[in-house]
Amino acid sequence: MSGLPNTCAFYLIPDFTTIKRVRFVASPAVVHVLPVEARCSVSSSSKMSVSSLEGACPVKTTKREALFTSISTCPPITPITTICALILLVALIYGTLLGLTGKPSLPGGPIFGLFILVITCYLGGQLMRLLRVPTLVGMMVFGFVLRNVPHINVAKDIPEEWAGNIRNMALILILLRAGLEVDANVLKNNKATCSKLIFIPFAAEFCFAAISAHYLLELPWIWSFLMGSMLSAVSPAVVLPVMLKLQKKGIGVTNGVPTMVIAVAGIDDVLALTAFEVLLGITFSTGSLGWTIAQGPLEVLVGIIYGIVLGIITWYIPNPEEKSKSVFRFLILCFGGMFVLFGSQAINWGAAGALGCICLPFVAAVRWKEHDGYDQDNDPVGDALAFVWRIIEPFLFGLIGSEIRIDYLQPSTVGLGLATMFIGIAMRMLACLLAAFSSGLPLKEQIFVTFAGLPKATVQAAIGPVALAMARKYKLGPEIEEYGIMILTAAVLSILITAPLGATAIALLAPRLLERDPNASVKEKPKRDIPETMVPMYDNNSTYHSYGTKDDVPLMQESNSESTRWAKRRAEKFKMTSSTVSYNELTLQ
């Protein structure tokens, strides 16, 4: 301690695993962290002048100095420790995959391609977050790059069956979260508004996109309506995460805007899938015409019945008094959703699976919220689904980005395909604005709801290649295959343009157009407990920095300065018992 200057003040930073004392030096203004051997040698009897305490001031450091401090500290501190932990985890995961599978995990193998895609897309999403752009944009861009740039196009090694199953599992998770977070009371009180926002915009985009495709792309009517049904689906993967954040923050909940948008995105997908499958059956004559037409309503009915029955079962199984009920409920929702979606796809009843995934958690949550106290602050099943979503998110958007293949874009149809898509979107937005206006929503909320239906990604990536695959399967000739290529081109263009554009528009417009409900409960991060032997510490500008020990209080009491007396009164008044010191507070920027 002999090497330390006298003019310094010590404060405890409770953000570390071990207690460290940080000194604030008036000049030069640099934060110094004492070495490990010196941390415990500072005793309360150390003599420090009162003038040194009064001279302590908030330290201004550059980002380079803060980074140097974090690197030179041992053990490392945030963000270096987080980066090191992630690198170690990635290496261990790859080593495990290599040991289990062998050759498929080597360069050129499918597991290696999927692993590189996920890691790269995750890093791309974090890069976009630093630029204040939605993370899914970065994930899709890097997925596109890893599919179309020569020499690094590892995404081509991923089997299409793997990619389709992973996208379906992500879709299951999205629909489960959507059904779980929808507020039944909001839907009950806004039945007319929700119905208008669901059916009118969907019908408008479906019809006008089909008409445009017929006259611009010269598709037969049945193929043009097939394209219209594909383009009319809204992506819940883009919309849902933003709506859940708004709902938890109490933004737009006065009129139930987040709930209505979630419901619109979920039901819109069911309508689009139903229409697509019916039209696909008619196009390829896979059954009698009467049965094909009746299949659509039957799929909807089966999906609703499945969701209601299994949802009611979860009211009583597991027993609400069991301690492990949340674990069983989470597993029942996940496997119940996978069963209905993959099972319905196996018998070509895809719409039943999507609707069952929405109805199951919606019905189950009605009683969970009423009798078990599930809400925004206490929702273990929702928290578990959110955690799994963070893991599967780079899988989904990376694979969606990898579906955008340059060789699928036919130059002769790109321009007309874009025109078809934008005509449909314009009609949807106009119809949505009229539906919201007739429902009595405020003007700002009308505008936001209109833009919330813009993004397209998940459904288009799933069903875009289906028509072309069936045309090739039944060997219907080059003309029919050309129709399938046009639909696939439109699907690729809709993902490439509307997904990043819609995600950015929603993120930018939400805080500007929607208002926070002052009576809404906002979920806060749990606060850590601070021992009673620690009290708030302030500098001569009465600015709180961190907690110090009660042994440091005499230093404040010895000073008769007005600022120190004010700090004493403030500390006694608030009696602060918790604090969270972030990395920015450490660098005191």
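Guide: A salt bridge is a side-chain nitrogen of Lys or Arg within 4 Å of a carboxyl oxygen of Asp or Glu. The model shown here is predicted.

Visitor: Which salt bridge does arginine 167 form with a glutamate that lies in a loop?
Guide: Arginine 167 sits in helix α7, residues 160-181. The loop in question runs between α16 (380-402) and α17 (411-438). The closest N and O atoms of the pair are 3.3 Å apart. The partner is glutamate 403.

Visitor: How many residues apart in sequence are the parts that this pair ties together?
Guide: Arginine 167 belongs to helix α7, while glutamate 403 belongs to the loop between α16 and α17. The pair therefore ties together parts of the chain whose separation in sequence is 236 residues.

Visitor: Is glutamate 403 buried or exposed?
Guide: Buried means under 20% relative accessible area. Glutamate 403 has 10% relative accessibility, so glutamate 403 counts as buried.

Visitor: What is the distance between the closest N and O atoms of arginine 167 and glutamate 160?
Guide: Arginine 167 also forms a salt bridge with glutamate 160. Arginine 167 counts as buried, at 6% relative accessibility. Glutamate 160 is partly exposed, with a relative accessible area of 45%. Their closest N and O atoms are separated by 3.2 Å.

Visitor: How many salt bridges does the structure hold?
Guide: Two of them have come up already: arginine 167 with glutamate 403, and arginine 167 with glutamate 160. The count for the structure is six.

Visitor: Which side chain of opposite charge is nearest to arginine 177?
Guide: Arginine 177 is found in helix α7. Arginine 177 is buried and has no salt bridge. Beyond four places in sequence, arginine 177 touches Leu240, Leu244, Leu385, Ala386 and Trp389. The nearest side chain of opposite charge is 5.8 Å away and belongs to glutamate 181.

Visitor: What is the relative accessible area of isoleucine 174?
Guide: Isoleucine 174 has its place in helix α7. Not counting residues up to four places away, isoleucine 174 touches Pro236, Ala237, Leu240, Trp389 and Leu396. Isoleucine 174 counts as buried because its relative accessible area is 2%.

Visitor: How far is the C-alpha atom of isoleucine 174 from that of valine 238?
Guide: Along the chain, these two residues are 64 residues apart.

Visitor: How many residues of helix α10 are buried?
Guide: Helix α10 covers residues 221-231 and is mostly covered. Its buried residues include Trp223, Leu226 and Met230. The buried residues pack against α9 (191-216), α12, α17, α19 (458-463), α20 (466-473) and α21 (478-513). Of the eleven residues in α10, the buried ones number eight.

Visitor: Is lysine 325 buried or exposed?
Guide: Lysine 325 is found in helix α14, residues 325-346. Leaving aside neighbours within four places, lysine 325 is in contact with Pro318, Asn319, Pro320 and Asp372. At 17% relative accessibility, lysine 325 counts as buried.

Visitor: What accessible area does the nonpolar surface patch have?
Guide: Isoleucine 305 is one of its members. That residue lies in helix α13, residues 289-316, and counts as partly exposed at 44% relative accessibility. Other members include Trp291, Leu298 and Tyr316. Together the patch has about 890 Å².

Visitor: Which residues form a positive surface patch?
Guide: One member, arginine 129, is found in helix α5, residues 110-130. The patch is formed by Arg129, Lys245, Lys249, Arg390 and Arg516.

Visitor: What share of the protein's residues counts as buried?
Guide: The protein has 24 helices and five strands. It exposes about 28400 Å², with 65% supplied by carbon and sulfur atoms. Of its 589 residues, the buried share is 49%.

Note on methods
Residues numbered from 1 in each chain as written. Predicted model: local features only at pLDDT ≥ 70, side-chain atom pairs only at ≥ 80, totals over all residues. Heavy atoms only, no water. Patch = residues over 30% accessible without salt bridge, like charges linked within 9 Å, V, L, I, M, F, W, Y side chains within 5 Å. Areas by Shrake-Rupley, 256 points an atom, 1.4 Å probe, with all protein chains shown as cover. Lys, Arg positive; Asp, Glu negative; His and termini not counted. Charge placed at Lys NZ, Arg CZ, Asp CG, Glu CD. Helix = DSSP H or I, 4+ residues; strand = E, 2+ residues; numbered from the N terminus. Buried < 20%, exposed > 50% of the residue type's maximum accessible area, 1.4 Å probe, protein only. Contact = heavy atoms within 4.5 Å.
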